[in-house]
Amino acid sequence: MLLLLTVLPFLAYKFAVDLHRLLLKNQAIIQQQTVINLSYILENRTDLWALQIQAGNPTSQLSHLNLEKSVLWIVNEYGQATYVVGHLPNYNSLEKNNDPFSLLGHYLIKTFSAIIPYTLPYPYPQSKTPEIALIRQAINGRTFQQYRMDRNNQPVSLMSATPLRVKNQIIGAAVLEQTMDSLLSESLNYFYRLIGIGGLVFLMVILGAIFYTASLSNRIVRLDKDVRNTFDNYGKVNQLSFPDTRIRGYHDELSDLRHHIYEMLTQLSSYERYLKQLPRTLRHEIHNPLNRLSMSLSLLEKDVEHKQVRYSKHALEQLKQIIASLSEASSIEDSLHSQSPEPFDIGEMLKHYLESIQETNDKKEILVDYQLKPETYILGDGFMLEQLMDKLISNAKDFNDHQMPIKVLANQVDKMIIIRVQNSGPRLPSGYEKQIFDGMMSIREVNADDQTHLGLGLFIVKLIADFHHGNVEAHNLINVQDNEPYGVEFKLELPIYRLTH
């Protein structure tokens, strides 16, 4: 729309130039006919016509001729002027015109003609001394027209010459010169007035279009911002602070779209709350029946030795684990949303945690490289960070092929804490480097511990890392010698928090 409005002034200027050309052409034709009429009168009643001209009362055929803004020359066959009547004033009619629309139109035309390399059209030859060529052409028997130009190469008058004949012999010429103001006094005034009014209308239209477009763009940007703020990094409804603009008085397609999105997000938020409460509800509702079923199977196992009883108990334990995993993910997510991060010494926390890991595991199974300085602080929660480390180490144990020990490395690089957990074993499939942190995503083919895994462990890792304003990523470890992957590394980056005293 704005592009169309940008093109419109140039189209309007082209129309104005063509209209100006048409006016000039019509006035030139009228002046040519006037000169021809003069020649006919002079051939028949020279004395009568001269008396009427001097009395200021020309014949009816020449009533439109304004001798206050035009000059009539009569020349003989030698090109000498024998009679001159009228005068050419040196003024611009537009300067006396107080009509603001005409002045505006004249200014617009002049401005565009200066910007665009295209001058206003004049359909006949131009010269600073046109009378020489005019008289010569008329004595030679040809009606001729030419513009007189000033020092600035602008036309000031139009001259027309036609031969005077007596008994089919040329005895001289009649030359009529009229100022541009007299040629186009009324027509040009109306023309400039039309351009001025059109310019004002166009200005109002383009200002209205710009205001409407800016308002529409601002509403679209605000809609996009509100929608993006509604969701968190995981695509879940974070907070439904999405105002419905119907109360603001908008009644158009965009307000309808915003209202429909608002209703959709409201329903989505309600459904999400239902899904978040579902694991807790299931755990609460299924807990008692599962306990009774577990007790019954235990009693039955004492009386009956059958493998189906053991299978049933194992399936029952798997069901309990599934419900516990779902409830754990939901509980951690709610806990992260409800508490505020606080600064704590990660150096001391990691030191005690890694010492505990080495004590509870075989030293050949887990190697620790700890290089953090004491009193190194980050913003978050130490207990949550221990849960994150438990998940990463547990994941490394599940996939470790025991060809190499699991490595846990912690060091500081610039203003970041870098924690790496490495294990040898199967490689990550291509494209799963980020997907493994999504909920319900697992790439395990066989459960080494014969347990059910829902793919929520690394999802919890991602939740806790985001809570600490950190980043966690996974990639394959590549052997430099044969360029083949031999394991997987999980890298955790946490920003250091500077305490202010």
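Analyst: Seven salt bridges turn up in the structure. The model is a predicted one.

User: What do Arg148 and Glu131 do?
Analyst: Their side chains form a salt bridge, 2.8 Å from N to O. Arg148 sits in strand E4 and Glu131 in helix H5, so the pair ties together parts 17 residues apart in sequence.

User: Are those two buried or exposed?
Analyst: Arg148 and Glu131 are both buried. Together with Glu177 they are linked in a network of salt bridges.

User: And which residue does Arg420 pair with?
Analyst: Glu489, at 3.6 Å from N to O. Arg420 is in strand E11 and Glu489 in strand E13, so this bridge joins parts 69 residues apart in sequence.

User: How accessible is Arg420?
Analyst: Arg420 has 24% relative accessibility, so it counts as partly exposed. Glu489 is buried, at 5%.

User: Switching topic. How many aromatic pairs are there?
Analyst: One, from a search of the whole structure. Phe437 is in the loop between E11 and H11, while Phe490 is in strand E13, 53 residues away. Both are buried.

User: Now the largest nonpolar core. Which residues touch the most other members?
Analyst: Ile346, Leu385 and Leu388, out of 38 residues. Helix H10 gives the largest share, seven residues.

User: What does Leu385 contact beyond its sequence neighbours?
Analyst: Leaving aside those within four places, its contacts include Phe344, Met349, Ile464 and Leu494. A separate core has eleven residues, among them Ile135 and Phe144.

Definitions and conventions
Residues are numbered from 1 along each chain as its sequence is written. This is a predicted model: local features need pLDDT of at least 70, side-chain atom pairs count only at pLDDT 80 or more; totals for chains, interfaces and linings use all residues. Side-chain values use heavy atoms; hydrogens and water are left out. A nonpolar core is a set of buried Ala, Val, Leu, Ile, Met, Phe, Trp, Tyr and Cys residues joined through side-chain atoms within 4.5 Å. Buried means under 20% relative accessible area, exposed over 50%, partly exposed in between (1.4 Å probe, protein chains only). Helices (H or I, at least four residues) and strands (E, at least two) are DSSP runs, numbered from the N terminus. Contact means heavy atoms within 4.5 Å. Rings of Phe, Tyr and Trp (its six-membered ring) pair if their centres lie within 6.5 Å; planes under 30 degrees apart count as stacked, over 60 as edge-to-face and the rest as tilted. A salt bridge is a side-chain nitrogen of Lys or Arg within 4 Å of a carboxyl oxygen of Asp or Glu.
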